[in-house]
Amino acid sequence: MTTGAEVLLWVVVPYVCLTVFVVGHLWRYRYDKFGWTTRSSQVYENRLLRLGSPLFHFGILFVLAGHVMGLGIPKSWTEFVGISEGLYHFMAVSVGTVAGVSTVVGMSILIYRRRTVGPVFTATTKMDKTMYAVLATVIVLGLVNTVISNVFGHYDYRDGVSVWFRGIFRFSLHPELMAAAPIGFQLHALAAFALFALWPFTRLVHVFSAPLGYLTRPYIVYRSRDDQLGSRKPRRGWEKVK
Amino acid sequence: MRPMAQMAMVMNLDKCIGCHTCSVTCKQAWTNRSGTEYVWFNNVETRPGQGYPRQYEDQEKWKGGWTLNKRGNLALKGGGRVSKLLHIFSNPKLPSIQDYYEPWTYNYSTLTDAPAQQHIPVARPKSLITGNDMKITWSANWDDDLGGSIDHGHKDVMLKNLGDKVKFEFEQTFMFYLPRICEHCLNPSCVASCPSGAIYKRSEDGIVLVDQDRCRGWRMCVSGCPYKKIYFNHKTGKAEKCTFCFPRIEVGQPTVCAETCVGRLRYIGLMLYDADKVLEAASTEDDHDLYEAQRGVFLDPLDPHVIRESERAGIPRDWILAAQQSPIWALINTFRVALPLHPEYRTMPMVWYIPPLSPVVDIIRDTGHDAEDGRNLFAAIEALRIPVEYLAELFTAGDTAPVESVLRRLAAMRSYMREITMGRPADESLAAAVGMTGEQVQDMYRLLAIAKYDERYVIPPAHAEQAHSLEELATECSRDFDRGPGMGGSGPFGEGSGAPTPITVENFQMLRDRQTSDTASATTSTHGRVNLLNWDGHGKPAGLFPGSDVSQPDQPDQPD
């Protein structure tokens, strides 16, 4: 039996946040392509950034991969291909710890830099500060969970949180699984959904600009005046004569 | 053959007096916004000198442009695609703001608001980056006219190859100005470096532009351009560059820098080139052959075969005619006096230069000889190795032969025309000595010395049937932009977010903000804005002049 509060926290909130995430990105892309940028501050300061930024970004990419593994892939699948619980656990903890620590260290350097380097701090918007707070909360809670659940507790999130998370996308709702999870996981999940809701309105949109197309496109780009962004389709009767 | 049209420029360095009018008018037109304070799409460097940004020509440091890899193939000097993506979180070769200079303003209000007092009030320089007091130590033309070159003149990257012993003698005797804009290269390494694919070469006229809606601020183009002519707008987080004033070019007007050049030293025109040959030419093995290789890429606009192929490629007939009358074609090919800047970067630059003869002339005159005499000039070009070698470092990757050839032609023209001006019979042997006829020399003289506006700028306007898709022609409803998002300064995601604004309107607003603002960075307040377009000419428009009460700048004007 699930209570109303559980449904609110583990069904309503996720769907609301994910909707904001999707619609927000569509809106932002439609109306603010010009504002869609990494807003790099490297021209102001390079010494700390050179250290902190790759640490953070590569760390968080591994963390992301870990989450795709842990949340996205059912336990039965990994067991089917012969990855035992022990092996999975060892990989998750070892890679996860390295990635998590480098993420946190990198993020600490970046936040320290943002606060102490004058020009960088001046260029920080309110939205940036909010985003940093939420992002840092999510990351720190996640790392704490990893440590606690591996050192002290025995909670297997692949039987709990993961099933609930996948259920959100399959409309097979299991709020009771989340309600039974340790408080650390609950807080991490809630903070993460808050971050998703905030995401489209922050500089985090640059994640979706990862320029993978660069690997395959020709080096020199030619474009005609005709197909430039910003010039709308001509009105009927004003089309170009072919 | 794949003919394409390229808008190109040639600058005659003999005529440049280093007045910086081009830089200032360009800045007023394009980079007077906050975030681009340090940006000069057009800058004028005193050579020898470090240039702007400092020592940008040191490609061992900045890794700009292209190079040949071990297999002899053309590759980005700063690393290929995978390497670029691996370094995307922190660009290892990005110049810092200090490599350009820290932009500043003065707190003028301490002057205008000063009470009657015994001491003269002082306006202190304030950094436009931090807003704090700062000490001015460098700028875009700090070493103007060799200023301070005793201290840092030896830092000129080009002097490295000239050896130590010549340095000081050389600095005392020889100086010229080098105005620089984006080269709008045929093989642009900035375009190739852009991970987002936001920088593109316009297929109609070859102008290289940054799509501000697609740029994601990865900054690889800044490192990739060996001329350091792509700048990072630190407020919007986007790359910006010289646009070749495309809104003006599209309607047949020359660029702002060319239009306002008091020396009338700039020429603008079309070049036709074979796009299929660019890669091969840029891969030429020997640096010294790159100049000739690039000339080989150009197509003769008078060749019937070229005309036929160009028409087949969709180049309009009037553009082909313009290419035939192009002063660029004449200077590069017919008279062969224009040379590319740093062909060794292998980007196939399209802003070329006529190297200056004046250093040679000045030296002859200072020694008391006749500086207009062709034989004296020829002998001096032979004897004065240092200026020639320096020019060769700039324009021909160190090969002195083409530079000597150009200087000899300029010298011959100078001497030949003197005879005519003095009413003496023309000396055809002078023309013959540089492989020209007297008639060609006179044609060249006409183009270099007295060419009128429409001879210097042969710019076919873009086509009327394309008018709707041109950025700057107002065939859209003008209200689409008025009070749209982004018009009022900062959007919700930092400065410059929101919908794009028409170039000119934004510039006017930003300029006014900056000029009327009391703070170091541009104010975001809409108070005190005046739209002179709505002013009917009667009385003073509200808010044009600051009110006596600073807190209420919008109040109606009091009768005097």
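Visitor: How many helices and strands are there in chain A?

Guide: This is a predicted model, in which local features need pLDDT of at least 70 and side-chain atom pairs count only at pLDDT 80 or more, while totals for chains, interfaces and linings use all residues. Residues are numbered from 1 along each chain as its sequence is written, chains are lettered from A and ligands numbered from 1 in the order in which they are written, and side-chain values use heavy atoms, with hydrogens and water left out. Helices (H or I, at least four residues) and strands (E, at least two) are DSSP runs, numbered from the N terminus. From the N terminus on, the order in chain A is α-α-α-α-α-α-α-α-α-β, which gives 9 helices and 1 strand.

Visitor: What percentage of the residues of chain A count as buried?

Guide: Buried means under 20% relative accessible area, exposed over 50%, and partly exposed in between, with a 1.4 Å probe and protein chains only. Chain A has 242 residues, and the share of them that counts as buried is 43%.

Visitor: Where is Arg39(A) placed, and is Arg39(A) buried or exposed?

Guide: Arg39(A) sits in the loop between helix H1 (4–31) and helix H2 (47–72) of chain A. A polar atom of its side chain lies 3.0 Å from the backbone oxygen of Ala123(A). Because its relative accessible area is 12%, Arg39(A) is buried.

Visitor: Which residues of H14(B) meet residues of H15(B)?

Guide: The axes of helix H14 (residues 304–312) and helix H15 (residues 317–324) of chain B come within 10 Å and cross at roughly 145°, where axes are lines fitted to C-alpha atoms, for helices over the stretch in contact, and angles run from 0 to 180 degrees between N-to-C directions. Contact means heavy atoms within 4.5 Å. On the H15(B) side the partners are Arg317(B), Ile320(B) and Gln324(B), and on the H14(B) side they are Ile307(B), Ser310(B) and Glu311(B).

Notes
Polar contact = N/O pair within 3.5 Å; in protein donor to acceptor, adjacent residues only side chain to side chain.
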